[in-house]
Amino acid sequence: YIWTPASQLDNSLTAYPDAVTNATTEYQVTAVIGGCSAIDNVIVKTVPYPLSNAGSDRLICHDASVQLQGYTDGSSFAWSSPETLNDASTLDPVANPSGTTPYILYSYDTKGCPKPGIDTVLITMLPEIQAFAGHDTAVVIGQPLQLEASGGVAYSWFPSTSLSAYDIANPVAVYN
């Protein structure tokens with residue numbers, strides 16, 4: 001056997017070579033027995049993977065849900081971790097992860113591509129907030145009291161009257 005174009009084949013002198021091509025290609029084989037030969041052609045049509053877009057990575061609060069936003073040009077699809085989705089048969093299900101979870105969108109087609117297009121969206125769940133505003137206390141009228149909050153990265157005190165600032169962890173309060 002002699003196959004052409006030989007540059008795209010792993011072994012152009014075998015009956016069943018493996019071809020690697022990025023474009024539709026016509027291959028020709030010449031089969032030889034003794035002094036006789038025959039020629040035949042085969043066209044190998046390349047098919048792209050189906051498009052799979054699982055959406056942008058997201059950051060969510062502890063124990064929150066999030067709506068995924070997938071897209072495919074394939075004829076069918078499947079999500080990984082379907083047990084944490086409200087409806088895995090839609091491209092935009094609501095996910096209820098128990099922690100940081102990658103969701104993988106597999107897209108399939110009917111054009112002949114045997115493998116799915118794949119994309120992953122990472123849903124990162126923030127840790128539970130342990131807000132602490134300090135211990136209850138008594139204050140002398142007109143004397144400053146240093147408040148101390150912890151457990152977050154941003155703060156908002158309410159009511160904000162009599163505070164040096166309402167949006168910091170440690171404002172000073174003066175009560176008249």
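Two strands count as paired if DSSP finds at least two bridges between them. Strands themselves are DSSP runs (E, at least two residues), just as helices are runs of H or I with at least four, and numbering starts from the N terminus.

This is a predicted model, in which local features need pLDDT of at least 70, side-chain atom pairs count only at pLDDT 80 or more, and totals for chains, interfaces and linings use all residues. Residues are numbered from 1 along each chain as its sequence is written, and side-chain values use heavy atoms, leaving out hydrogens and water.

**View B. Strand 5 beside strand 11.** These two strands run parallel, and three bridges join strand 5 to strand 11 (residues 117-125). Look for Ile60, which stands opposite Met125 in strand 11.

**View C. Strand 1 meets strand 2.** Here strand 1 (residues 2-4) pairs with strand 2 (residues 25-33) in the antiparallel sense, over three bridges. Thr4 has Gln28 of strand 2 as its bridge partner.

**View D. The hairpin of strands 2 and 3.** Strand 2 and strand 3 (residues 36-44) run antiparallel and are joined by nine bridges. Ile33 stands opposite Cys36 in strand 3. Two residues lie between the strands of this hairpin, and Gly34 in the turn has a positive phi of about 60 degrees.
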